[in-house]
Amino acid sequence: MYPAHAYGATSATSPLEPITIKHRALGPNDVLIDVKFCGICHSDIHTVRGEWGPQPYPLVPGHEIVGIVAETGSAVARHSVGDRVGVGCMVNSCRTCTPCRAGQEQYCENDCILTYGSPDRDGTITQGGYATRVVVTEDFVVNVPDAIRLDEAAPLLCAGITTYSPLRRWGAGPGKKVAVVGLGGLGHMAVKLAHAMGAEVTVLSQSLKKMDDGLRLGATAYHATSDPDTFIRLAGSFDLIVNTVSAPLDLDAYVALLALDGAMVNVGAPPQPMALSMFPLIMRRRTVAGSTIGGIAETQEMLDFCARYRIGAEIEVISAEKINESYERILASDVRYRFVIDTTTL
Ligand code: NAP
Ligand code: ZN
Ligand code: ZN
């Protein structure tokens, strides 16, 4: 067994606090990773606070994990001691269903095992990356290319792949007008990635406070959604809207910004339902869709893409005792643009 220092929650209403966890002994296909950095995703907050349903406590969140391989099981072939590696939102899946066989493990029909809060095959509950070590089966560990700094790579494991996958699927590229709603962790990655793919990118943010950043990250236009004129001026403009907002929105108002055949893809995951009118969809053959993270092969593809275009996340590295404060700043949209925990402080 491998003990690890960690930060976790003991209930939906308690702040995160230092705890010690024990990881399983290495099986033949397991990799022990010394975690170096872990990003803080808004999903960590939804989850530990029970907004997406009851959780098993104590719970250590964190699914934007990067580190160095410290030990490998006897049959591990994909990774070696000393490798720079990453782990995202899932750590296993059934591997036999149709999505798994198509490399879309995130849509496993038998439920992929999430990085934290999921029952693992051995009956224990998975624990995430706000920890000094994790043990993960080798097929769910990806390589972090040397061209990306480890701290800037951490957020790619969730925010990066969650935006890369729909941008690719819905064809973001030259000649396509893409709007990104919400300039937070996911949103800023969506801007960087869509720009690198050659699309024309617009940011739709609550205010113009972060406009300079949005334009620097690759957007060519930036509008405030608090200004009703925005929705009049941009009506029918976009081929693709990627909604990264963690709270409910007036979906109809955003659908009206889509061109004929345009798609609004929702990756933001507030727990509340949202109303949607049919006629604006029907009369312009528009789509409203959802998407979650990406498969393991696609995650590696995204990391290699980021290495090629020299893309990392914009980060604020924090020590462990700032985790609870950073949660409050994320909830206040005061994040530029991802908090990343330095795990040496755990
Ligand atoms: P984040 O850093 O907090 O960014 C969310 C952004 O949404 C904020 O920065 C803010 O941008 C905007 N926003 C927040 N509250 C709003 C409100 N009431 N009205 C309008 N805009 C608001 O969060 P994140 O880590 O990027 O995650 C965003 C969402 O995606 C969360 O719900 C998370 O659980 C979900 N998520 C889903 C997946 C998936 O697989 N589908 C993966 C990861 C995360 P502005 O200040 O620019 O307005
Ligand atoms: Zn996440
Ligand atoms: Zn499966």
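Buried area is the accessible area (1.4 Å probe) that two parts lose on being put together, summed over both. That term opens the tour. The model is predicted: local features need pLDDT of at least 70, side-chain atom pairs count only at pLDDT 80 or more, and totals for chains, interfaces and linings use all residues. Residues are numbered from 1 along each chain as its sequence is written, chains are lettered from A and ligands numbered from 1 in the order in which they are written, and side-chain values use heavy atoms, with hydrogens and water left out.

**Stop 1: the two domains**

Colour residues 2–158 + 313–345 as domain 1 and 160–290 as domain 2. These bounds come from an automatic or database domain assignment. The C-alpha centres of the two domains are 27 Å apart. Now select the interface. 14 residues of domain 1 are in contact with 19 residues of domain 2; contact means heavy atoms within 4.5 Å. The area buried between domain 1 and domain 2 is about 1500 Å², and carbon and sulfur atoms give 50% of it. Show Cys-158, Glu-314 and Tyr-337 next. They supply 39% of the area that domain 1 buries against domain 2, more than any other three residues.

**Stop 2: the cis bonds**

Stay on Tyr-337. A cis peptide bond joins Arg-336 to Tyr-337, with omega about -10 degrees. Tyr-337 sits in the loop between helix 11 (323–331) and strand 17 (338–342). Helices (H or I, at least four residues) and strands (E, at least two) are DSSP runs, numbered from the N terminus. Move to Tyr-57 and Pro-58. A cis peptide bond joins these too, with omega about 0 degrees. Pro-58 lies in the loop between helix 1 and strand 4 (65–72).

**Stop 3: a positive phi**

Select Asp-261, in strand 14 (residues 258–266). Its phi is near 70 degrees, a positive value in a residue other than glycine. Most residues other than glycine have a negative phi, and most peptide bonds are trans.

**Stop 4: ligand 1**

Select the shell: residues with a heavy atom within 4 Å of the ligand. Of the 30 residues around ligand 1, Leu-183, Ser-205, Lys-210, Thr-292 and Arg-338 come nearest. The shell divides into 13 nonpolar, 15 polar and two charged residues. Here Ala, Val, Leu, Ile, Met, Phe, Trp, Tyr, Cys and Pro count as nonpolar, Asp, Glu, Lys and Arg as charged, and the others, Gly among them, as polar.

Ligand 1 alone exposes 920 Å², and the protein buries 89% of that. Helix 1 (42–48) and helix 5 (185–196) each give two or more residues to the shell. Helix 1 provides the largest share, three residues. Domain 1 and domain 2 each contribute at least three residues.

Technical notes:
Accessible areas come from the Shrake-Rupley method with a 1.4 Å probe; for residues, only the protein chains shown count as cover.
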